Amino acid sequence: MRAKASLLSKASESGPQLKKRILIVLLGLTIGQLHSSLHAQEVPTTSCNRPSPGSAVPEPADLRSKDGVLEVNLTIFNYRDSGGSIRYCYVDDKGDLSPNLRLKPGDLLILHLKNDLQNLEPTSATNKDHDQMTAKSSNPCSSGAMTPTATNLHFHGLTVPPVCHQDDVLRTSIAAGSPPFEYRFHIPENEPPGLYWYHPHIHGFTRDEVLGGASGALIVEGIERANRTLAGMPERVLIIRDQDLVNPNAPPSKSEPVVPHMFIDRDGDAANNGTGFGKPAKDLSINFVPVPYPDYRPAVIKMKPGERQLWRVLNASAITYVNLELLFNRVPQPLGLVALDGVPLNASGKLEDFVDWQTHLGIPPGARMEFIVQGPPLGTDGLLVTRTVDTGVGGENDPNRAIASVIPSADAPEPQSILDASPTSLPPPKLPWLGSVAPVRTRRLYFSEKLSNPNDPNSATEFYITVEGQTPKVFDPSAKEPNITVKQGTVEDWIIENRSTELHDFHIHQLHFLLLDYNGVRVNEPFLRDTVNVPYFNGRTLTYPSVRIRLDFRDPNIVGTFVYHCHILEHEDAGMMGTIRVEPADQTASGTAESSTNQLPQEGPVQTGKTVEAASVTKN
Ligand SMILES: [Cu+2]
């Protein structure tokens, strides 16, 4: 189904078409009002200038809101690199790659996204003329086109409405060559301060674009207001991405204690061999510095000796789990976790300035962890590694490997961003803690996989997430009815089972949830997540492994249809996704009825002018 062979093969003889061009970007294409200001933007569309292995870890450029507004022009383009892999890049007006978008709660984000993707797969039916026709004829708010050159944006973790120009991925599809598309929304006033991210979400092609590097961080400022331990602390955004192997045919390094046999899993990746070593399914990079198999030459982070920093780590991998550990002289160091998936650990209001000291932190694809790190003393080099992750017999191989050397140096530059030294405390949450609200129902969903032809072990695997009682089906973009319908104003518990032999990674758009039980064990975490692992079935237990989560549908801004899926993006692309519709609250319901009367129309093509106005009105 996916063109893995061609991604791993060498580039064609002619190589990438090298040409520079000046892009004239239409700025200010505000909805309902067309400004005609022209702005020349030179974009290097031939390469993203990715750093080489062993480089210093660069910090993404910071784009900060001013006077409550952040206006950004981003262009996405792609090219085939010298190894034959297709790379995807976001670049801003200044040529900075995947900049950090930094906003405060309540701020307005205006983001113009220009789609300069080209179809680089020679076998694919679409071509440039076709793309240009599509660009002219389709309405990006209703097109829903899922093609290799279409793109859109998902703002992972943000609780913004699932409507066009905000955070809809079901119908929003921007054709290559169309005018810049405007995203425009307010960061909710009550958005927890922390690390969020943006990436494309075109069903069937999400993996390719994210694996190619299309991702960046969005920071809701003010984490030091939630946890005063962080006041005045330097902070660093570290984005771990995966990519196709640079050296796919190399044998494992001689320093590895075992050389396991290499098998291919159902996705066509190196399969988990259970040893913690051997060829990984994908290479990793950190802020685009690759750390390629088989030698894993670490990237370099310099710190002042013993300095404490907040590391905001996003696992933007398409399929790779990491389990981070910081070693000094091979000894794991304490990592002070303060936030997970953008939500401070003290979100329940019960744990003031809480820091959870751990020696390793497992971060599934899509998830974020923000933690305090203390730099090594002079004379001791630290090493940031990922431990192996057991993804199950059906999963990918995510072996032990180095990521970055942490080198103490008295003249190390300070990180470019430092948290406020004297923050005001965040206001207490307006709604009761999710853990103390009674759910209106419990639903059961399950992950499963099936060969498309059960008699042919080489046939493609179909990936499902199914509501108990419904028939397992791959995600159908044309389905008229959602898989799940809920009422705004309510809270539900979902039990999510894994009936397959590989780890899956549940994610839902538009809201956070509370993890109640993990594999039958009550955890009742005092914070929220938007992504959680569901352990794999090993064939030896009487019941399937599961998680129980509590989902919060109380937010009056979150009405409409959106998705939940596995964040192993090749699983999502292959069908492991479903839709949920949050209907407006009953007018007679207490508490939330009043706010629900302001809801936006959610279905069908959105009248964009109204959407933007209404969105600013519904923002409180
Ligand atoms: Cu999965």
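Phe181 has a relative accessibility of 5% and counts as buried. The structure is a predicted model. The chain has 620 residues, and 59% of them count as buried. Its secondary structure comes to seven helices and 37 strands.

- What do we need to describe a pair of aromatic rings? Such a pair is described by the distance of the centres and the angle of the planes.
- The count of aromatic pairs comes to 12.
- In the pair Phe181 and Tyr183, the ring centres are 5.0 Å apart and the planes stand at 75 degrees, so the pair is edge-to-face. The cut-off for that class is over 60 degrees.
- Which residues form one aromatic cluster? The members are Trp494, Phe506, Phe513, Phe553 and Tyr564.

**Arginines over rings**

- Arg241 lies over the face of Phe288, and the distance to the ring centre is 3.7 Å.
- Arg368 sits over the face of Tyr196, at 5.6 Å from the ring centre.

**Chain totals**

- Take the contacts in the chain with a separation of 6 or more: residues 24 or more positions apart account for 78% of them.

**The five-strand sheet**

- Five strands form an open sheet with mixed pairing. Their order is S29-S37-S36-S31-S34.
- Why is one side of S29 and of S34 left without a neighbour in the sheet? Strand S29 (484-487) and strand S34 (531-534) stand at the edges, and each has a single partner strand, so one side of each stays without a neighbour.
- From one strand to the next, the twist averages 25 degrees.
- Strands S36 (residues 560-566) and S37 (residues 577-583) run antiparallel and are joined by six bridges.
- Within this pairing, Phe562 has Ile580 in S37 as its bridge partner. Val563 stands opposite Thr579 in S37.
- S29 and S37 run parallel, with four bridges between them. Here Ile484 has Ile580 in S37 as its bridge partner.
- S37 is mostly covered, with six of its seven residues buried.
- In a regular strand the side chains alternate between the two faces of the sheet.

**Met577 in strand S37**

- Met577 is found in strand S37.
- Is Met577 buried or exposed? Met577 is buried, at a relative accessible area of 5%.
- Leaving out residues up to four places away in sequence, Met577 touches His201, His203, Ile465, Phe475, Val563, Tyr564, His565 and Glu572.
- One of these contacts, Tyr564, also belongs to the aromatic cluster with Trp494.
- Another contact, Val563, is the residue opposite Thr579.
- Met577 and Pro477 are 100 residues apart along the chain, and their C-alpha atoms are separated by 9.8 Å.

**The six-strand sheet**

- Six strands make an open sheet in the order S28-S27-S30-S35-S32-S33, and the pairing is mixed.
- Strand S28 (461-467) and strand S33 (521-522) are the edge strands, and each pairs on one side only.
- Strand S32 (residues 513-518) pairs with strand S35 (residues 546-553) in the antiparallel sense, over five bridges.
- Tyr518 has Val547 in S35 as its bridge partner.

**Backbone features in loops**

- The peptide bond from Tyr293 to Pro294 is cis, with omega near 5 degrees.
- Pro294 is found in the loop between strand S14 (289-291) and strand S15 (299-303). Tyr296 has its place in the loop between S14 and S15 as well.
- Tyr296 is a residue other than glycine with a positive phi, near 50 degrees. Tyr296 counts as buried, at 7% relative accessibility.
- Asp353 has a positive phi near 45 degrees, and this residue is not glycine either.
- Where is Asp353 placed? Asp353 lies in the loop between strand S20 (343-344) and strand S21 (356-358).
- Asp353 is partly exposed, with a relative accessible area of 24%.

Definitions and conventions:
Residues are numbered from 1 along each chain as its sequence is written. This is a predicted model: local features need pLDDT of at least 70, side-chain atom pairs count only at pLDDT 80 or more; totals for chains, interfaces and linings use all residues. Side-chain values use heavy atoms; hydrogens and water are left out. Helices (H or I, at least four residues) and strands (E, at least two) are DSSP runs, numbered from the N terminus. Buried means under 20% relative accessible area, exposed over 50%, partly exposed in between (1.4 Å probe, protein chains only). Contact means heavy atoms within 4.5 Å. Two strands pair if DSSP finds at least two bridges between them. Axes are lines fitted to C-alpha atoms, for helices over the stretch in contact, and angles run from 0 to 180 degrees between N-to-C directions. Rings of Phe, Tyr and Trp (its six-membered ring) pair if their centres lie within 6.5 Å; planes under 30 degrees apart count as stacked, over 60 as edge-to-face and the rest as tilted. A charge sits over a ring if NZ of Lys or CZ of Arg is within 6 Å of the ring centre and within 35 degrees of the ring normal.
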